[in-house]
Amino acid sequence: MTFEDIIDKGGIAIWPLLFLSILAMGAIFDRLWFWGRVLLQERQILSSVMEAVYRNWDAAVEIAKDYRDHPMGRFLYAPLQLNNPEPEVFHLAMEAAADDELALMRRGDKILEAVIALAPLLGLLGTVLGLINSLGEIRISDLGTAATAGVTLGIGESLISTAAGLVVAIVSLAFYRLFQAFLFGQIRVFRKAGSDLEVLYHQKYLAVETPPYTIEATSFEGSKKFIE
């Protein structure tokens, strides 16, 4: 069966199914391009920034700034760009950046969810309408005669819309689950990278804010006189 046959025999429900399939394929290709770029460069960006953090914070800021076109680069640059913030502010900046990036990673999910929910229902609707048209042509006197052959053919054709709806929904569901797996993986990566960066900054902040302990000379001389 060719594509033209499916369109011709699918009934009225095949047109909204075709529209949903175009929406789904657009979202799928967009997300495949996005996740391919994210996953290929993420490890390199994370290792470069974290290695620079251990050596020089200013260098880490510049490296993260160069990768601002990548979600991981923006996530790391958001807290690093702040000028000696308190640890609580550093944590809030990182948390806000993670929320923004994860929201962008969910783009397209609503389209796939709508297609997964609507495609089988539209296919079933097309089948029901086809059955109504086919069974409406049956007369009691025609039962058991050659006149009912066309009705049987019409019932078979009415199932095309159901099959098309299921195909669209299954393909959309498969890619939706794949993108959800990528998203959950990014949540774990963001959480691990954020925790490591926050611990390092907390150590740096304490080293800067806590002066070395010194004994004043006047106090030492006063104690010496007291002892004498």
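Predicted model: local features only at pLDDT ≥ 70, side-chain atom pairs only at ≥ 80, totals over all residues.
**Ground rules.** Residues are numbered from 1 along each chain as its sequence is written, and side-chain values use heavy atoms, with hydrogens and water left out.

**Whole chain.** I looked up the secondary structure and found 8 helices and 0 strands in the protein chain. Helices here are DSSP runs of H or I with at least four residues, strands are E runs of at least two, and both are numbered from the N terminus. Along the sequence the pattern reads α-α-α-α-α-α-α-α. Of the 228 residues, 34% are buried (buried is under 20% relative accessible area, exposed over 50%, partly exposed in between, with a 1.4 Å probe and protein chains only). For contacts (heavy atoms within 4.5 Å) with a separation of 6 or more, 76% join residues 24 or more positions apart.

**α2 against α3.** I took helix α2 (residues 14-55) and helix α3 (residues 57-66) next, and their axes are 6 Å apart at an angle of about 160 degrees. Axes are lines fitted to C-alpha atoms, for helices over the stretch in contact, and angles run from 0 to 180 degrees between N-to-C directions. That angle makes α2 roughly antiparallel to α3 (under 35 degrees is roughly parallel, over 145 roughly antiparallel, 65 to 115 roughly perpendicular, the rest oblique). The contact uses S48, V49, A52, V53 and R55 of α2 with W57, A59, A60, I63 and A64 of α3. I sorted these residues into 8 nonpolar, 1 polar and 1 charged.

**S48.** This residue is in helix α2. I read 23% relative accessibility, so S48 counts as partly exposed. Its C-alpha atom is 7.4 Å from that of I63, 15 residues apart along the chain.

**α3 against α4.** The axes of α3 and α4 come within 8 Å and cross at roughly 140 degrees, which makes α3 oblique to α4. I listed W57, A60, V61, A64 and K65 of α3 against G73, L76, Y77 and L80 of α4.

**α4 itself.** I checked burial in helix α4 (residues 71-80): 9 of its 10 residues are buried, so α4 is largely enclosed by the rest of the structure. The buried residues are P71, M72, G73, F75, L76, Y77, A78, P79 and L80.

**α4 against α5.** Here the axes of α4 and helix α5 (residues 87-105) come within 8 Å, crossing at roughly 160 degrees. That makes α4 roughly antiparallel to α5. From α4 the contact takes P71, R74, F75, A78, P79 and L80, and from α5 F90, A93, M94, A97, A98, E101, L104 and M105. By class I have 12 nonpolar, no polar and 2 charged residues.

**N84.** I found N84 in the loop between α4 and α5. Its phi is near 50 degrees, a positive value in a residue other than glycine. Most residues other than glycine have a negative phi. At 36% relative accessibility, N84 counts as partly exposed.

Note on methods: Nonpolar A, V, L, I, M, F, W, Y, C, P; charged D, E, K, R; others polar.
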